[in-house]
Amino acid sequence: MEDLTKYTPTELLKIINDIKLKHDTLKQEIIDHTFEAEELEKKINEKIISLTEIEKNYIALIEEMEKR
């Protein structure tokens, strides 16, 4: 951290406000990305369920063909 003694109280307050704004912005971006990741995970899980069903059907069809 740099030497803060060279700043006036007003300048320090401005720096504090700028840092708080950056902090709040980054925090909200992380929350938004977390929500996006959860939504993506939900979509992936739904597709895995569909894929599993398709694989079961495929296996059943192959087994039926082998019987004939």
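User: Where is L40 found?
Analyst: L40 is found in helix α1, which covers residues 9-67. A helix here is a DSSP run of H or I with at least four residues, a strand is a run of E with at least two, and both are numbered from the N terminus. This is a predicted model, so local features need pLDDT of at least 70, side-chain atom pairs count only at pLDDT 80 or more, and totals for chains, interfaces and linings use all residues. Residues are numbered from 1 along each chain as its sequence is written, and side-chain values use heavy atoms, with hydrogens and water left out.

User: How many helices and strands are there in the protein?
Analyst: The protein has one helix and zero strands.

User: Back to L40. What does L40 form with I44 and I48?
Analyst: L40, I44 and I48 form a nonpolar patch on the surface, with about 280 Å² of accessible area together. Patch residues have over 30% relative accessible area and no salt bridge; nonpolar side chains (Val, Leu, Ile, Met, Phe, Trp, Tyr) are joined within 5 Å, and like charges within 9 Å. The areas come from the Shrake-Rupley method with a 1.4 Å probe, and for residues only the protein chains shown count as cover.

User: OK, overall shape now. What's the radius of gyration?
Analyst: The protein has 28 Å, while a compact globule of 68 residues would have a value near 11 Å. That radius is taken over C-alpha atoms, and the globule rule is 2.2 Å times the number of residues to the power 0.38. Along its principal axes, the C-alpha trace spans about 90 × 20 × 5 Å.

User: And what percentage of the residues count as buried?
Analyst: 0% of the 68 residues. Buried means under 20% relative accessible area, exposed means over 50%, and partly exposed is in between (1.4 Å probe, protein chains only). The protein exposes about 6800 Å², and carbon and sulfur atoms supply 63% of that.

User: Switching to charges. How many salt bridges are there?
Analyst: A search of the whole structure finds five. A salt bridge is a side-chain nitrogen of Lys or Arg within 4 Å of a carboxyl oxygen of Asp or Glu. Side chains of opposite charge can pair when their charged atoms come close.

User: Which residue does D24 pair with?
Analyst: D24 forms a salt bridge with K20, and their closest N and O atoms are 2.8 Å apart. Both lie in helix α1, four residues apart, about one turn of the helix. D24 is partly exposed at 35% relative accessible area, and K20 is partly exposed at 48%.

User: What about K6?
Analyst: K6 forms a salt bridge with E2, with the closest N and O atoms 3.8 Å apart. K6 is exposed at 57%, whereas E2 is partly exposed at 47%.

User: And which residue is E64's partner?
Analyst: E64 pairs with R68 in a salt bridge, at 3.2 Å between the closest N and O atoms. E64 is partly exposed at 34%. R68 is exposed at 76% and lies in the segment after α1.

User: How far is R68 from E41?
Analyst: They are 41 Å apart in space, C-alpha to C-alpha, and 27 residues apart in sequence.

User: Last one: where does K22 lie?
Analyst: K22 lies in helix α1 and is exposed, at 60% relative accessible area. The C-alpha atoms of K22 and E64 are separated by 63 Å, with the two residues 42 apart along the chain.
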